[in-house]
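Please look over the structure below with an eye to its helices and its aromatic side chains. A short report on these topics follows it.

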Amino acid sequence: MNVEEEVGKLKEEIQRLGQQQPDGSYKVTFGVLFNDDRCANIFEALVGTLRAAKKRKIVTYDGELLLQGVHDNVEITLLPPPAVAVAVA
């Protein structure tokens with residue numbers, strides 16, 4: 001699986017496990033993602049996928065490296081897709 005594919009799957013899993021916010025974003029804690037059986041089967045390196053998604057400004061969270069146990073309560077936010085500009089005729 002390439003990085004873009006993994007980031008796409010990460011977005012799906014955050015939407016499945018997280019809570020939608022009024023602004024269209026989704027929030028989930030690292031512990032919920034890390035301990036989910038489906039995520040464990042999809043992602044060989046969840047932390048690496050999260051870092052790639054953060055670099056692409058798809059998700060945001062505090063810190064650089066998330067570690068299981070220590071950072072279980074860190075909130076990961078899946079940012080809403082950018083608003084599409086509507087052309088006015």
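Predicted model: local features only at pLDDT ≥ 70, side-chain atom pairs only at ≥ 80, totals over all residues.

Glu6, Val7, Leu10, Glu13 and Ile14 are the buried residues of helix 1. They cover an arc of only 120° around the axis, and therefore lie on the same side of helix 1. An α-helix has 3.6 residues a turn, so residues three or four places apart point the same way. The partners against which the buried residues of helix 1 pack include strand 2 (26–29), helix 2, helix 3 (37–42) and helix 4 (46–55), together with strand 3 (59–60) and strand 4 (75–78).

Turning to the aromatic rings, the count comes to 1 aromatic pair. Phe30 and Phe34 form this pair, which is tilted, with 45° between the planes and 5.5 Å from centre to centre. Both residues belong to helix 2 (residues 30–35), where Phe30 and Phe34 are 4 residues apart, about one turn of the helix.

| Residue | Relative accessible area | Class |
|---|---|---|
| Phe30 | 0% | buried |
| Phe34 | 35% | partly exposed |

A further ring is that of Tyr61, over whose face Lys54 lies, at 4.3 Å from the ring centre.

Key: Residues numbered from 1 in each chain as written. Heavy atoms only, no water. Phe/Tyr/Trp six-rings, centres within 6.5 Å; stacked < 30°, edge-to-face > 60°. Helix = DSSP H or I, 4+ residues; strand = E, 2+ residues; numbered from the N terminus. Buried < 20%, exposed > 50% of the residue type's maximum accessible area, 1.4 Å probe, protein only. Lys NZ or Arg CZ within 6 Å of the ring centre and 35° of its normal. Arc of directions from axis to C-beta. Contact = heavy atoms within 4.5 Å.
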